[in-house]
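This briefing covers salt bridges, sheet pairing, nonpolar cores and helix packing. Please read it alongside the sequence and the model shown here.

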Amino acid sequence: MTIVVILLGAFLINYLLDACFRSFWSKNLTVQVRFQDQPAMEGQEARLTETIANGKRLFLPLLQVGFQVHRDLWFSDGENTSVSDQCYKRDVFSVGGYQKITRTIPFRCTHRGYYELEKVELVTRSPLMTRKYYETLESRDFFYVYPRLVDSEQLDISFQKVMGSVLASRNLYEDPFEFRGIREYGPADPMNKINWKAAARTGELMVNLYGSTTAQEVMILLDVEDETIWKYDEIHEEEIRIAASLASRCIQEGIPVGFRTNGKDIRNGRTFVLKAGCGEQQVRLVSEGLARLDLNQKADPMEFVLDREREMGTGTSTTYVMISKNQRPSCVEAFLRLAREGSGCIWIATLYAEMEWKLPREEQIRWIRWEVEK
């Protein structure tokens with residue numbers, strides 16, 4: 001009889017412990033997984049941080065924290081990690097009452113992209129390790145991996161041709177916000193430039209002098225369309241790197257850069273379009289837009305993109321730079337129609353070494369062959 005009572009007592013204690021643990025283990029427990037604040041570049045290392053805060057007295061002897069990210073983010077330690085269509089990371093902690101644990105996990109960015117975290121899955125066991133309990137917490141975050149820049153020596157020829165086109169057609173205009181001084185009035189000066197306060201002070205007519213600014217800009221046209229069922233992702237990735245490098249270089253030289261591509265944004269399925277601009281903000285927008293390009297979505301025909309750009313009527317202040325492997329006549333004709341609208345046109349043909357050059361030698365377009373390694 002004593003043994004029966006002991007067994008019943010043990011069963012009751014275990015039941016009560018499990019019931020209390022089941023009710024309270026997830027109370028005041030917060031778990032967050034966050035990427036580092038700054039974006040990384042393709043091939044670089046980055047970090048994410050796991051933070052666990054237990055805001056109660058209850059001790060959690062075993063807490064498994066699991067989350068998943070894209071397989072292109074590769075955890076170098078490989079511990080508690082499995083990779084299939086996604087990369088699954090699981091870490092085990094022992095969390096005391098009112099304890100906070102922070103762990104930093106390094107990973108390598110093997111591919112450009114836009115990566116998201118959505119949730120964290122928690123698994124724990126009852127005090128006697130007889131049962132499992134599960135909880136899913138929201139932990140939303142995102143991370144940009146920018147395309148890496150191509151070697152500067154490779155880029156020099158393309159950049160010099162772009163700069164040659166820009167400088168050949170550069171038009172200077174007075175900037176009314178950049179005041180340089182005053183001088184004496186001349187017969188060719190308009191009346192609205194007269195500085196009447198200076199004239200009253202000196203007794204002679206004086207006019208304002210202003211600095212000059214340029215209206216010249218570069219519009220990069222990126223083609224990531226595959227004409228056949230064959231996929232050329234290596235070429236398209238190189239095209240994206242060229243576009244990012246060329247945009248960064250032009251902006252460094254003070255030339256506004258815009259973007260138009262037939263590739264689709266992974267977030268909204270729309271083509272990436274960006275008005276011309278300068279400065280660090282523009283570099284960031286270009287890098288983020290290129291990082292979000294999804295080559296798995298079918299790209300629009302490039303002819304539509306070129307005709308749309310021509311309809312926008314940017315004018316003779318624009319140098320167009322086309323980056324494409326496609327050599328079909330309809331695409332060339334659409335680019336020629338655009339060439340007549342702009343101040344200069346350059347076509348960077350991204351081809352494998354064994355690919356034949358089929359593009360015509362048109363005087364209106366400067367051609368560059370860019371060989372891509374397999």
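A salt bridge is a side-chain nitrogen of Lys or Arg within 4 Å of a carboxyl oxygen of Asp or Glu. By that criterion the structure holds 19 salt bridges. This is a predicted model, in which local features need pLDDT of at least 70, side-chain atom pairs count only at pLDDT 80 or more, and totals for chains, interfaces and linings use all residues. Residues are numbered from 1 along each chain as its sequence is written, and side-chain values use heavy atoms, with hydrogens and water left out.

**Salt bridges**

- Arg328 and Glu225 form a salt bridge through their side chains, at 2.7 Å from N to O.
- Arg328 sits in the loop between β17 (318-324) and α7 (329-339), and Glu225 in the loop between β13 (217-222) and α4 (233-252), so the pair ties together parts that are 103 residues apart in sequence. Helices here are DSSP runs of H or I with at least four residues, strands are runs of E with at least two, and both are numbered from the N terminus.
- Arg328 and Glu225 are both buried; buried means under 20% relative accessible area, exposed over 50%, and partly exposed in between, with a 1.4 Å probe and protein chains only.
- Another salt bridge joins the side chains of Arg308 and Glu311, at 3.8 Å from N to O. The two residues are 3 apart in helix α6 (residues 302-312), which separates them by about one helical turn.
- Arg308 is partly exposed at 43% relative accessible area, whereas Glu311, at 59%, counts as exposed.
- Arg369 and Glu371 also meet in a salt bridge, at 3.5 Å from N to O. Arg369 is partly exposed at 30% relative accessibility, and Glu371 is partly exposed at 46%.

**Sheet**

- Six strands make an open sheet with mixed pairing, in the order β2-β10-β9-β4-β7-β6. Two strands pair if DSSP finds at least two bridges between them.
- The edges are β2 (40-41) and β6 (81-83), each with a single partner strand, so one side of each has no neighbour in the sheet.
- Strands β9 (residues 113-125) and β10 (residues 132-146) run antiparallel and are joined by 12 bridges. Within this pairing, Glu121 has Thr136 of β10 as its bridge partner.
- Helix α5 (residues 279-291) lies across β9 and β10 and runs at about 125° to β10. Axes are lines fitted to C-alpha atoms, for helices over the stretch in contact, and angles run from 0 to 180 degrees between N-to-C directions.

**Nonpolar cores**

- A nonpolar core is a set of buried Ala, Val, Leu, Ile, Met, Phe, Trp, Tyr and Cys residues joined through side-chain atoms within 4.5 Å.
- The largest core has 57 residues, of which Phe259, Leu290, Phe335 and Trp347 touch the most other members. Helix α4 supplies the largest share of this core, 9 residues.
- A second, separate core of 32 residues includes Ala46, Leu73, Phe107 and Val120.
- Beyond its neighbours within four places in sequence, Leu290 has contacts that include Arg112, Pro147, Leu222, Ile240 and Phe259; contact means heavy atoms within 4.5 Å.

**Helix packing**

- The axes of α6 and α7 come within 9 Å and cross at roughly 10°. That makes α6 roughly parallel to α7, the class for angles under 35 degrees.
- Residues making the contact include Met302, Glu303 and Leu306 of α6 and Ser330, Cys331 and Phe335 of α7.

Methods: Angles under 35 degrees count as roughly parallel, over 145 as roughly antiparallel, 65 to 115 as roughly perpendicular and the rest as oblique.
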